[in-house]
Structures are given as structure tokens and as C-alpha cells.
Amino acid sequence: MVKRVAIIGAGVSGLTSIKCCLEEGLEPTCFERSGDIGGLWQFTEYVEEGRASIYKSVVINSSKEMSCYSDFPFPEDFPNFMPHSQFLEYLRMYANKFNLLKCIQLKTIVCKVKKCPDFSTSGQWEVTTEHEGKQESAIFDAVMVCTGYLTDPFLPLDT
């Protein structure tokens with residue numbers, strides 16, 4: 001039976017997590033609260049609650065050689081230190097190249113993650129999400145929290 005993995009967040013770490021799960025023969029489902037991938041690299045004029053945001057003039061502060069995924073270099077014509085919009089474009093190219101979008105549920109908030117009653121034997125988690133006002137719960141064999149360190153996490157370690 002294929003192991004199911006819930007991935008919270010479709011930013012830099014979430015995208016690589018999806019890719020790694022697929023390569024390992026796992027079944028990832030990524031929940032992204034916003035309407036697009038990219039996490040922090042999605043600039044918005046307003047700051048959404050619970051989501052880190054960059055400012056309009058941000059340029060990456062590490063070279064493209066140091067900022068790329070090891071299996072997917074930046075295009076040659078991208079500048080060495082690029083604006084956030086090009087970095088977001090790169091993330092979209094990565095997601096398309098490795099067919100990751102099929103695993104991502106956009107505009108889906110993770111409301112709760114808790115251990116299943118039989119966690120000590122199954123190791124499974126119940127993940128409750130909300131999409132368009134409708135809550136759903138599903139069982140996963142693992143959960144990867146890829147929300148970044150610039151937001152306040154709630155880790156259900158004692159539940």
C-alpha cells in the first residue's frame with residue numbers, strides 16, 4: 001500500500017518535498033493556503049494573516065548558483081541576483097518540469113493536524129483542511145510542515 005504524505009505549504013521547501021515524495025513512490029498531497037505556489041516569494045500588496053511576505057523591491061541576496069535546486073539550475077539569461085518575480089517564475093518552472101502541480105491543493109487551509117487514536121501502532125495523522133468554507137479530514141502516514149520559519153508554527157506534538 002502506498003504511503004500518503006500531507007505537505008503543508010507549496011513554497012521552496014514544499015515543492016522539493018513533493019518531488020522527493022514522488023521519487024520515493026509516496027503519494028504526496030500539498031495544501032497551500034494561498035492561490036498560488038511560491039510561498040514567501042509571492043508578493044502581494046497586502047499581508048495575509050499567517051503568511052510571511054516580501055516587499056515589492058526585494059532582490060535575492062545570494063547568487064543564482066547558490067540559490068538554485070541542485071537538479072534544476074536557473075536559466076542562463078536570469079541575472080545573478082534577481083528580483084523576486086523571476087525567482088517565483090523559476091519556482092513555477094520547477095513545478096511544471098517535475099509535474100508537481102497535480103499534487104497541490106490551492107486555497108486550502110490546514111486547520112488541524114492530530115495523531116490518530118491508534119497512532120502508537122499506525123503512526124498515522126488526521127489532517128483537517130478547509131477549502132471554500134468546507135472542512136474535510138483525511139488520514140496520512142506522514143506530515144511535512146513546510147511553512148517556513150517566518151510564521152508562527154503550531155506543532156501538535158502533545159496531541
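Is Tyr 90 buried or exposed? Tyr 90 has a relative accessibility of 0%, so Tyr 90 counts as buried. The model is a predicted one.

Strands of a sheet pair through backbone hydrogen bonds, either parallel or antiparallel. Here the sheet is open and has four strands. Their order is E3-E2-E1-E7, and the pairing is parallel. Strand E3 (104-105) and strand E7 (142-145) are the edge strands. Each of them pairs on one side only.

Now look at E1 and E2. Strand E1 covers residues 4-8, and strand E2 covers residues 27-31. They run parallel, joined by five bridges.

Helix H1, residues 12-23, lies across E1, E2, E3 and E7. Its direction makes an angle of about 170° with E1.

Next come the aromatic rings. A pair of aromatic rings is described by the distance of the centres and the angle of the planes. The model has 13 aromatic pairs. Take Trp 41 and Phe 87. Their ring centres are 4.5 Å apart and their planes stand at 40°, so this pair is tilted. Trp 41 lies in the loop between E2 and helix H2 (64-67), while Phe 87 lies in helix H3 (residues 84-97). The pair therefore ties together parts that are 46 residues apart in sequence.

Both residues are buried. Trp 41 has a relative accessible area of 15%, which is under the 20% cut-off. Phe 87 has a relative accessibility of 5% and counts as buried too.

Phe 87 leads back to Tyr 90. Their ring centres lie 6.0 Å apart with planes at 50°, so this pair is tilted. Both residues belong to helix H3. They are three residues apart, about one turn of the helix.

Which residues form one aromatic cluster? The members are Trp 41, Tyr 69, Phe 72, Phe 74, Phe 78, Phe 87, Tyr 90, Tyr 94 and Phe 98.

How values were computed:
Residues numbered from 1 in each chain as written. Predicted model: local features only at pLDDT ≥ 70, side-chain atom pairs only at ≥ 80, totals over all residues. Heavy atoms only, no water. Pairing = 2+ DSSP bridges. Helix = DSSP H or I, 4+ residues; strand = E, 2+ residues; numbered from the N terminus. Contact = heavy atoms within 4.5 Å. Axes fitted to C-alpha atoms, helices over the stretch in contact; angles between N-to-C directions. Phe/Tyr/Trp six-rings, centres within 6.5 Å; stacked < 30°, edge-to-face > 60°. Buried < 20%, exposed > 50% of the residue type's maximum accessible area, 1.4 Å probe, protein only.
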